[in-house]
Amino acid sequence: MGKVYVFDHPLIQHKLTFIRDKSTGTKDFRELVDEVAALMAFEITRDIPLQEVEVETPVSTAKCQTIAGKKLGVVPILRAGLGMMDGIVDLIPAAKVGHVGLYRDPDTLEAIEYYVKLPKDSHEREFIVTDPMLATGGSAVVAIESIKKRGAKNIKLMCLVAAPEGVEVVQEAHPDVDIFLAAMDEGLNEKSYIVPGLGDAGDRLYGTK
């Protein structure tokens, strides 16, 4: 079963407070989501292997460490997942970016894939799938399945806030995927909104209703 990590770093929790606050405007909300995504990526990449290299400093030579050729990718779930992409790519400029687009069937309410574009070497990459909200888990399950169908084998899911119900759904469908969160919330209300949550992340990122 995939592990669930909830980051308690003070900077993440501090910024998440303002992300939750309904009085936070679009500009600040967007910047805060970027910042938290970067901080979370810093933690997620902690286990990347290193290799020793020798460099010439202005004074002498030094044995140093560089990332050992690990290929990373970021896959935002459209559209809200885009809000977390820049923060990660700013931290890891060499990461390739894919996209997964989903829409919800009005009758069955199931998430349906309508667009998937991934790097050609997906089977060689470790992907970080981003979506600010993990509510029912339906979209995340379909997005991860879409990525796996295209050869990816190493996938992590990064969300700002999650409901326990959604976490359980993802774990059951994809037990090989670790989940990284800034907060585990109380649960879902009767409309399947995360409580206390942060509202509709897409609307708050892009100023839509």
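Author: Helices (H or I, at least four residues) and strands (E, at least two) are DSSP runs, numbered from the N terminus. The model discussed here is predicted.

Reader: Where is Gly137 placed?
Author: Gly137 is buried, with a relative accessible area of 3%. Beyond four places in sequence, it contacts Gly166, Val169 and Val170. Its place is the loop between E9 and helix H4 (138-149).

Reader: Which residues of the UniProt "binding site" that covers Arg79 and Asp200 are in the lining of the largest pocket?
Author: The annotation comes from an unreviewed UniProt entry. The pocket lining includes Arg79, Arg104, Asp131, Met133, Leu134, Ala135, Thr136, Gly137, Gly138, Ser139 and Asp200.

Reader: Is Leu134 buried or exposed?
Author: Leu134 lies in strand E9 (residues 133-134). Outside its four-place sequence neighbourhood, it touches residues including Val161, Val170, Ile179 and Ile194. Buried means under 20% relative accessible area. Leu134 has 2%, so it counts as buried.

Reader: Which strand holds Ile194?
Author: An unreviewed UniProt entry annotates Ile194, Gly199, Asp200 and Ala201 as "binding site". The lining of the largest pocket takes in Ile194, Gly199, Asp200 and Ala201. Ile194 is buried at 7% relative accessible area, and its contacts beyond four places in sequence include Met133, Leu134 and Ala135. The strand is E13.

Reader: Is Gly199 buried, partly exposed or exposed?
Author: Gly199 sits in the loop between E13 and helix H6 (201-206). Buried needs a value under 20%, and exposed one over 50%. Gly199 has 48% relative accessibility, so it counts as partly exposed.

Reader: Which backbone oxygen does the Thr24 side chain reach?
Author: Thr24 lies in the loop between helix H1 (10-20) and helix H2 (26-44). It is buried, with a relative accessible area of 15%. Its contacts beyond four places in sequence are Phe18, Phe29, Leu32 and Arg204. At 2.6 Å, its side chain reaches the backbone oxygen of Phe18.

Reader: How far apart are the end C-alpha atoms of H2?
Author: H2 has 19 residues. At 1.5 Å a residue, H2 should span 27 Å. The end-to-end C-alpha distance agrees with this, at 26 Å.

Reader: Which element supplies the largest share of the largest nonpolar core?
Author: This core has 35 residues, and Met40 and Met158 are among those with the most contacts inside it. H1, H2, strand E4 (72-78), H3, E10, E11 and H6 each supply at least two of its residues. The largest share is 8 residues, and it comes from H2.

Reader: What covers the buried residues of H2?
Author: Those buried residues are Phe29, Leu32, Val33, Val36, Ala37, Met40, Ala41 and Ile44. Among the contacts of Met158 beyond four places in sequence are Ala37, Met40, Ala41 and Ile44. The cover includes H1, helix H3 (85-91), strand E8 (126-130), strand E10 (154-162), strand E11 (178-184) and H6.

Reader: How far apart in space are Leu181 and Leu160?
Author: Leu181 is found in strand E11. At 0% relative accessibility, it counts as buried. Its contacts beyond four places in sequence include Met40, Cys159 and Leu160. Leu181 and Leu160 are 21 residues apart in sequence, but C-alpha to C-alpha the distance is 5.3 Å.

Methods:
Residues are numbered from 1 along each chain as its sequence is written. This is a predicted model: local features need pLDDT of at least 70, side-chain atom pairs count only at pLDDT 80 or more; totals for chains, interfaces and linings use all residues. Side-chain values use heavy atoms; hydrogens and water are left out. UniProt positions are given in the numbering used here, feature names are shortened, and annotations may be inferred rather than shown by experiment. On a 1 Å grid over the protein atoms alone, a cavity is a set of points where a 1.4 Å probe fits but cannot get out, and a pocket is an open set with protein on both sides within 12 Å along at least five of seven lines; lining residues have an atom within 4 Å of a point. Buried means under 20% relative accessible area, exposed over 50%, partly exposed in between (1.4 Å probe, protein chains only). Contact means heavy atoms within 4.5 Å. A polar contact is a pair of N or O atoms within 3.5 Å; within protein, one must be able to donate a hydrogen and the other to accept it, and residues adjacent in sequence count only if both atoms are side-chain atoms. The expected span of a helix is 1.5 Å times one less than its number of residues. A nonpolar core is a set of buried Ala, Val, Leu, Ile, Met, Phe, Trp, Tyr and Cys residues joined through side-chain atoms within 4.5 Å.
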